[in-house]
Amino acid sequence: MNPRLLLVLFFSCTLFLRAQSEDEKQLKAIYDMALTNGKAYEWLNYLSNQIGGRLSGSVQAQEAIEYTKRQMDSLGLDRVWLQPVMVPKWVRGTPEFAYIETRPGITTNVPICALGGSVATPDGGLKASIVEVQGIEDLEKLGREKIEGKIVFYNRPMDPTQISTFSAYSGCVDQRYSGAAEAGKYGARGVIVRSMNLRLDDYPHTGAMSYGETPVESRIPAAAISTNGAELLSTTLKLNPEIKFFFKQSCKQYPDVQSYNVIGEIRGSEYPNEIMIVGGHLDSWDLGDGSHDDGAGVVQSMDVLRLIKANGYRPKRTIRAVLFMNEENGLRGGKKYAEVARQKNETHVFALESDAGGFTPRGFSFECTDENFEQIEGWKSLFEPYLIHMFVRGGSGADVGPLRDENIVLSGLRPDSQRYFDHHHAENDTFEHVNKRELELGAATMTSLVYLMDKYGTAKPKKVKG
Ligand SMILES: [Zn+2]
């Protein structure tokens with residue numbers, strides 16, 4: 001071999017190894033700091049236990065805006081601001097009530113909750129015969145004569161054989177989202193949807209639903225029933241198809257109200273116009289306190305900025321933590337952020353979202369080009385000591401989605417998902433179900449990826465020689 005070439009090879013190898021060991025040290029410092037001196041858990045404690053559920057347009061959502069703004073103000077960032085956004089305001093009203101009536105006067109109560117965006121039942125409640133289906137596809141098979149005047153009961157469970165519980169969720173969430181609009185077309189009077197939960201328990205799980213193009217006067221009420229309730233209803237119905245179901249809910253949609261995204265920024269030292277964001281959503285459902293969904297992502301994103309500063313790392317690119325408002329029932333915050341970024345001609349090169357719970361991080365999923373993915377996969381060994389091994393192509397996050405274009409790398413933190421749907425959108429999404437270390441490991445994992453993305457920049461498409 002040409003000796004000069006050998007020398008060049010030797011030096012580039014040395015440089016590569018030196019960079020590698022510097023990155024190893026940086027990641028170690030980030031994880032050490034997150035695990036010994038993290039703030040995420042303390043912030044989450046306040047958000048969950050002092051403020052609570054943060055449904056868009058509620059007093060608690062406003063309190064969360066003010067609290068997180070104050071906390072980011074105290075971090076010595078270059079800039080912290082509120083970005084105005086109008087959000088829908090839907091209110092649950094008095095607690096819902098439901099029972100199965102096997103014979104006149106013989107009833108068994110079952111736990112339900114209104115789906116977000118649903119209309120109320122008539123004041124005295126709604127009682128009707130019930131027809132069980134395994135999904136929207138069944139409506140057509142049954143036809144109007146078997147559905148009209150009845151309550152449609154969607155009972156397709158999440159598929160337990162899916163290892164990613166998010167895949168199991170996608171496999172049935174259409175029942176919740178469009179079930180009422182679809183059943184309404186066949187003359188149904190209401191819908192009851194099995195909760196998106198793999199476990200059998202007594203918690204009903206709410207979540208967004210939409211009436212699509214259904215005119216206001218034809219909208220029918222929709223509620224979720226706990227998985228135990230769904231099992232009982234299904235069994236009872238098989239024994240006696242004549243049973244009646246009663247439910248009563250008083251939820252209401254109000255006109256849009258003023259709200260905000262909360263944004264904190266460290267300005268880049270070399271390429272301030274290249275923007276990288278980390279984020280989660282500040283709003284939550286109202287049944288629990290929204291600790292996993294998505295208090296965890298909010299406090300982790302805030303901690304990314306704090307860990308970067310505390311480790312004395314000066315980012316080359318501008319890094320923002322964005323706490324999005326209204327992911328759950330409108331995505332207005334995510335849409336507004338992207339709209340303003342486009343108006344201002346801002347270049348976003350990387351966006352990372354944490355919105356899959358505060359559980360043990362396993363890795364990330366990416367929406368990016370082959371070149372970008374190849375670069376990211378090259379960092380895998382740096383994450384191995386922290387048991388972060390999952391680097392996959394796939395969805396990123398709802399709030400960062402509107403930023404999608406050919407220049408940006410979109411990513412989602414992927415924590416272990418096995419227990420997520422035990423809590424998702426339910427009364428038991430509460431602070432005690434978040435483990436401090438798991439939450440901190442997530443913050444450190446996010447910070448590490450942001451550090452590497454900032455240091456090396458996102459890979460640009462390879463130039464074709466010619
Ligand atoms: Zn969420």
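On a 1 Å grid over the protein atoms alone, a cavity is a set of points where a 1.4 Å probe fits but cannot get out, and a pocket is an open set with protein on both sides within 12 Å along at least five of seven lines; lining residues have an atom within 4 Å of a point. This is a predicted model, in which local features need pLDDT of at least 70 and side-chain atom pairs count only at pLDDT 80 or more, while totals for chains, interfaces and linings use all residues. Residues are numbered from 1 along each chain as its sequence is written, and side-chain values use heavy atoms, with hydrogens and water left out. Helices (H or I, at least four residues) and strands (E, at least two) are DSSP runs, numbered from the N terminus.

**Cavities**

- A search of the whole structure finds two cavities of 30 Å³ or more, where a volume is the space filled by probe spheres set on grid points that are joined across faces, edges and corners.
- The second largest cavity holds about 30 Å³ of space, and its lining consists of Gln26, Ile30, Leu307, Ile308, Asn311, Tyr313, Thr447 and Tyr451.
- Helix 1 (3–37), helix 9 (291–310) and helix 14 (436–456) each give at least two residues to the lining of the second largest cavity.
- That lining has five nonpolar, three polar and no charged residues; Ala, Val, Leu, Ile, Met, Phe, Trp, Tyr, Cys and Pro count as nonpolar, Asp, Glu, Lys and Arg as charged, and the others, Gly among them, as polar.
- The largest cavity has a volume of about 50 Å³, and the residues lining it include Trp285, Asp293, Glu328, His425 and Asp429.
- Three nonpolar, four polar and three charged residues make up the lining of the largest cavity.

**Largest pocket**

- The largest pocket contains about 1,100 Å³ of space.
- Its lining has 47 residues, and Arg176, Tyr177, Ala208, Glu327 and Glu328 lie nearest the centre of the pocket.
- Among the elements giving two or more residues to this lining are strand 1 (79–91), helix 7 (173–184), strand 10 (252–266) and strand 14 (361–367).
- By class, the lining of the largest pocket divides into 18 nonpolar, 17 polar and twelve charged residues.

**Sheet with the order 1-10-12-11-13-16-14-15**

- This open sheet has eight strands and mixed pairing, two strands being paired if DSSP finds at least two bridges between them.
- Strand 1 and strand 15 stand at the edges with a single partner strand each, so one side of each has no neighbour in the sheet.
- The twist from one strand to the next averages 20 degrees; axes are lines fitted to C-alpha atoms, for helices over the stretch in contact, and angles run from 0 to 180 degrees between N-to-C directions.
- Strand 1 and strand 10 run antiparallel and are joined by twelve bridges, with Asn261 in strand 10 as the bridge partner of Gln83.
- Helix 11 (residues 370–377) packs on the sheet, touching strand 14, strand 15 and strand 16, and its direction makes about 175 degrees with that of strand 15; contact means heavy atoms within 4.5 Å.
- Helix 14 also packs on the sheet, where the strands it touches include strand 11 (271–281) and strand 12 (317–324), and its direction makes about 40 degrees with that of strand 14.

**Strand 16 and Leu410**

- In strand 16 (residues 409–415), seven of seven residues are buried, that is, under 20% relative accessible area, with exposed over 50% and partly exposed in between (1.4 Å probe, protein chains only).
- Val409, Ser411, Leu413 and Pro415 point one way from the strand, and Leu410, Gly412 and Arg414 point the other way.
- Strand 13 (residues 347–353) pairs with strand 16 in the parallel sense over four bridges, and Glu353 stands opposite Gly412.
- Strand 14 runs antiparallel to strand 16 and is joined to it by six bridges; Gly363 stands opposite Arg414.
- Leu410 has a relative accessible area of 1%, and its contacts beyond four places in sequence include Ala351, Phe366, Val400 and Arg404.

**Sheet with the order 3-2-9-5-6-7-8-4**

- This open sheet also has eight strands with mixed pairing.
- Strand 3 (106–109) and strand 4 (112–114) are at its edges, each with a single partner strand, so one side of each is left without a neighbour in the sheet.
- Strand 5 (residues 126–133) and strand 6 (residues 151–154) run parallel and are joined by four bridges; Tyr154 in strand 6 is the bridge partner of Val133.
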